[in-house]
Amino acid sequence: MNLLMMGAHIASRNKRYVVWFYLLNLVFAWWGASAFSLAAHNILDHSLYAGRILHGMDVTVVTELFVNPRLGTPAAHGAPSTRLAVACLAVSFVFMPGVWLAYSSDHRISREEFFRSCGHNVWRFLRLVCLFIIIGGIVTGVLFGVQSSLVNAADRTSNERLPFLLMVAGMATIFLGATAIRAWFDLAQADVVLQDQPAIRKSLAAGFRAFRQNWAVLLRNYVVIVLAAGAILVSGILLWHAIVPPASAAGAFLISQLTLFLLLAMRFWQRATAVAFYLGQLSQTDAAEPARMPFPASALSIQQ
Amino acid sequence: MAKCGLLGCLVAVLASGSGAQTVIPSTVSAINSPTPLSQRVVHYEIDARYDAKAHTLDATEILTYHNFTGKPLDTFPFHLYLNAFQPASTYMQERERDSTSGQGRGQPFPGWNPNNYGASEIRSFEIVDQGDLTSQLQFTHPDDGNQDDRSVVQVRPPRPVPPDGEVQFKIRFHDQFPEVLDRTGWDRDFVLGAQWFPKVGVWWHGAWNCHQFHASTEFFADFGVYDVRLTVPQNEVVGASGVRVGVVRNPDGTQTVTYHGDDIHDFAWTASPHYRVHEDTFQSSLGPVRLILLMQPAHWGQLDRHLHVLKEAMDRYGRWYGPYPYKTLTLVDPEPGSQAYGMEYPTFVTGGTSWLIPEGIREEPEFTVEHEFGHQYWYGMVATNEFEDAWLDEGINSYNDVKVMDSIFGPATSWVDWFGATGGASERQRDFYIGVPDYDPLSRLGWQFRNDASYGAISYGKTASVLLTLESLIGEDTLRQAMRIYFLRYRFTHPGKEDFLKTVEEVSGKDLRWYFNQAVYGTEVLDYEVNKVSSIPVDWFKENLREQKGVTEYVSDVWIHRKENFIFPIEVEIRFDDGERVREHWDGQDRWVRFEYKKKARVVSAEIDPDHKIYLDRNHFNDSYTAEANPAPASKLVNYWMFVSQLFAQLLTWWLT
């Protein structure tokens with residue numbers, strides 16, 4: 001079984017987490033949109049003019065809505081949505097150790113095990129996130145700086161497409177760099193949970209070693225999943241545009257949420273792939289020390 | 001001189017150096033007309049050499065001025081527009097104060113960018129037969145008294161110029177172009193030479209009209225003849241106002257390109273080594289018009305979009321108002337990312353587009369090209385004072401943008417028709433205005449608006465909305481007829497606001513002062529709302545009342561409220577659940593009105609302006625009220641909102657956890 005299939009197998013055995021995190025994502029977004037929703041309903045519900053939004057998408061009417069003082073400024077409505085997106089991130093972060101534990105286990109872990117793992121590892125994960133921000137920030141910052149310099153240099157030429165193409169190439173490079181760092185830190189997170197490692201520098205080192213040994217395989221799989229996610233997003237939007245009648249709020253809700261659900265599942269697939277990869281690396285290096293493994297040996301069976 | 005061969009005339013004048021030739025030529029080689037079209041006040045003969053590396057220009061200008069004022073003239077003011085691009089100028093002070101521009105390369109407002117430095121320096125100034133007056137030039141500051149502003153210079157001839165007399169100025173000047181600012185200057189190896197030569201003011205309404213260059217104002221000049229020789233590097237492709245009458249390749253690696261323009265009031269030119277040239281012909285009712293398109297190579301695929309909208313616009317303007325009389329029109333697709341896009345000069349306009357822009361988004365190039373072509377009528381021929389009456393050129397042109405774009409692409413999709421999103425030009429103009437509806441009247445002097453944003457919203461968007469709303473009072477056809485008569489009556493002159501307003505009143509046969517006083521001279525805001533609707537059973541007090549459709553009798557009330565201070569008569573349509581529709585008329589004089597009905601039907605909805613003609617109303621959402629709520633439109637938007645915020649949250653968690 002290849003790595004992607006193994007990851008898919010792990011993720012599908014634990015799909016309840018995708019559902020829970022999706023619901024978390026949905027509830028926080030709904031909460032964040034509630035002020036905007038209230039204001040929009042106040043203005044539109046009794047207005048015939050709103051039909052131009054319903055039966056199509058007249059951008060001039062939407063523009064008029066957003067300059068209507070009764071709606072409030074987009075910034076005022078955007079702030080709660082942004083804050084609740086950050087809150088969604090924070091809650092996801094708190095519950096993620098439980099997901100790693102479940103992914104490494106060959107049985108359905110109990111609720112108690114899940115939350116114990118979350119509580120036990122939350123500060124370790126917090127430290128990992130801080131380091132991720134520092135390392136990721138430095139690497140992407142340097143890459144963005146290089147990209148910006150190249151784009152600015154290209155902007156001095158009269159080739160209008162060159163700055164855009166350089167920007168796209170730069171973004172692809174930055175994406176690859178960020179994906180590699182994400183993969184490394186995913187392995188470190190797996191190490192923290194699976195090895196119950198209190199010293200995160202050791203988990204980072206272990207994650208780095210595991211990644212370095214077979215980085216091309218893991219990175220390729222990560223990129224494939226990101227491309228799949230991109231395809232889902234684009235396909236979802238195109239389907240939304242093509243098959244949902246403009247006036248169908250329910251249809252739009254269903255297809256947009258299905259798209260978001262599948263998109264979220266892609267990230268869980270990545271994590272599951274990282275677990276499979278990590279276990280595979282570990283089984284090779286620690287074959288002589290099977291007693292060190294804290295998780296059920298049957299969890300390794302999928303890597304064979 | 002009655003008529004002279006163009007080149008012969010130019011060469012004779014330039015060779016003589018004495019300015020002995022003092023008759024403004026009556027040439028017609030640049031127009032499809034056997035006789036001159038305007039009262040030719042000026043004749044500019046300019047010989048200029050452009051240094052593409054230093055972005056400088058050295059030139060000699062011979063200006064012949066004919067005094068049609070009926071009185072002796074003892075002073076002459078000149079615009080030196082490029083001097084506005086200096087830190088202490090009025091223009092820069094205003095730009096810094098408003099800080100609403102500067103989105104383009106090289107424009108860091110707020111703040112000063114040395115690349116934005118521009119200057120027009122008069123090296124010598126002579127009046128033929130009256131001597132050198134260079135030392136007597138004085139900068140004046142008629143608008144704000146800013147002693148550091150050098151955008152207007154004045155000279156007093158030793159001998160006044162008598163009525164119907166002529167005077168000839170011989171000016172040697174040196175220009176430093178800025179990195180493109182307000183559609184003049186250089187960007188990379190491109191240059192747009194606009195407002196680049198000393199230009200005499202306009203004697204208008206019994207006085208000189210020669211304003212300083214302001215951040216939001218444009219230009220004003222007299223009609224005449226232009227003969228211009230431009231010397232530029234041989235690798236440059238050149239375009240300019242008027243018709244090209246000669247090209248000479250010089251041994252020093254330069255080329256000298258000569259242009260001639262009749263009955264125009266400004267001259268602009270451009271040069272770039274990158275232009276790809278396409279030439280075409282438009283057949284106007286007066287004769288063929290040569291269309292010269294100077295395109296960026298990356299935009300070559302959009303050539304048909306440019307040509308299509310240009311020809312369609314020329315066709316409509318020709319049919320609706322009158323023919324385009326010039327023999328050429330040059331459409332420039334300027335350097336990408338520069339601030340040279342979307343500007344009008346006589347027979348020469350700049351468009352602007354991006355190679356990425358999809359066909360259904362018509363802001364660029366279609367809207368820009370159509371708008372700038374429209375200026376050939378409202379500014380080019382009907383040469384209103386852009387300093388003082390911006391709405392007469394930008395606003396009337398914006399109204400015609402709506403009419404022309406709607407006519408070409410359909411009213412609902414004349415601005416956007418892409419990926420399910422639509423938008424019409426009329427609502428685009430209205431959206432422009434409703435955000436800042438009450439700071440300034442249309443009639444305000446250009447530089448006295450609250451800021452650049454108000455200037456744009458009022459001059460463009462409000463004027464278009466005022467004229468679209470005017471259609472509801474006098475009819476679309478009548479307004480078009482009024483526009484036609486206004487154009488035919490005032491082309492090649494400098495009309496003012498009352499000339500336009502009186503023409504509309506005359507053609508419509510209606511006294512519209514009540515409307516113009518509010519819409520043009522006032523800052524009143526128009527906003528009517530359906531305040532409330534209700535249907536109560538007549539027997540509401542009876543116990544165990546059972547309401548039955550078509551049986552139960554109701555008293556229905558509809559309250560209409562005039563929320564703001566613009567008084568305007570309105571129609572209201574009330575719909576009942578038995579399908580009946582009732583139309584009511586209200587003069588709007590009071591603050592509110594109630595319409596009451598006793599029927600065996602309930603009110604379903606009430607709608608102000610059911611034919612959607614009142615574009616001045618700042619809030620269309622409250623123009624109607626339905627008895628039953630329909631949450632679907634808001635739910636649709638909330639769904640979009642949630643999708644975006646969920647996606648944002650997922651991207652955050654994707655990378656950080």
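**A helix end and its surroundings**

Guide: The residue that follows α2(B) is B:Ser99, and its phi is positive, near 50 degrees. Helices here are DSSP runs of H or I with at least four residues, strands are runs of E with at least two, and both are numbered from the N terminus. The model is a predicted one, in which local features need pLDDT of at least 70 and side-chain atom pairs count only at pLDDT 80 or more, whereas totals for chains, interfaces and linings use all residues. Residues are numbered from 1 along each chain as its sequence is written, and chains are lettered from A and ligands numbered from 1 in the order in which they are written.

Helix α2 of chain B covers residues 90–98, and B:Thr90, B:Tyr91, B:Met92, B:Glu94, B:Arg95 and B:Asp98 are buried in it. A residue is called buried if 20 or more other C-beta atoms, placed from the backbone, lie within 10 Å of its own, exposed if 12 or fewer do, and partly exposed in between. Among the elements that cover these buried residues is α7 (452–474) of chain B, where a contact requires C-beta atoms, placed from the backbone, within 7 Å of each other.

Most residues other than glycine have a negative phi, and most peptide bonds are trans. Against that background, B:Tyr379 has a phi near 140 degrees, positive although the residue is not glycine, and lies in the loop between α4 and α5 (390–409) of chain B. B:Tyr379 has 25 other C-beta atoms within 10 Å and is therefore buried. B:Asp609, likewise not a glycine, has a positive phi of about 55 degrees and sits in the loop between β31 (603–608) and β32 (624–626) of chain B; because 20 other C-beta atoms lie within 10 Å, B:Asp609 is buried as well.

The peptide bond that joins B:Glu364 and B:Pro365 is cis, with omega about -5 degrees, and B:Pro365 belongs to helix α4 (residues 363–374) of chain B. This helix packs against α3 (residues 303–320) of chain B, their axes coming within 9 Å and crossing at roughly 35 degrees; axes are lines fitted to C-alpha atoms over the stretch in contact, and angles run from 0 to 180 degrees between N-to-C directions. The crossing is right-handed, that is, the near helix is turned clockwise from the far one by less than a right angle. B:Pro365 is itself one of the α4(B) residues in the contact, along with others including B:Val369 and B:Phe373, while α3(B) contributes residues including B:Arg305, B:Val309 and B:Ala313.

Elsewhere in chain B, an open sheet of 4 strands has the order β6-β7-β3-β11, with antiparallel pairing; two strands pair if DSSP finds at least two bridges between them. Since β6 (138–139) and β11 (199–200) each have a single partner strand, they stand at the edges, with one side of each left without a neighbour in the sheet. Strand β3 (residues 76–79) and β11(B) are joined by 2 bridges in the antiparallel sense, and B:His79 is opposite B:Lys199 of β11(B).

The largest nonpolar core has 226 residues, and B:Leu230, B:Ala240 and A:Val275 are among those with the most contacts inside it; α10(A) gives the most to this core, with 15 residues. A core is a set of buried Ala, Val, Leu, Ile, Met, Phe, Trp, Tyr and Cys residues joined through C-beta atoms within 7 Å. Apart from it lies another core of 6 residues, including B:Val202, B:Trp203 and B:Phe387.

Helix α10 (residues 249–285) of chain A also holds A:Leu282, which is buried because 22 other C-beta atoms lie within 10 Å. The C-alpha atoms of A:Leu282 and A:Ala210 are 7.9 Å apart in space, although 72 residues separate them in sequence. B:Ala632, in helix α11 (residues 632–656) of chain B, counts as partly exposed because it has 18 C-beta neighbours inside 10 Å. Apart from neighbours within four places in sequence, B:Ala632 is in contact with A:Leu54, A:Ala247 and A:Ala249.

Key: Two residues are in contact if their C-beta atoms, placed from the backbone, lie within 7 Å.
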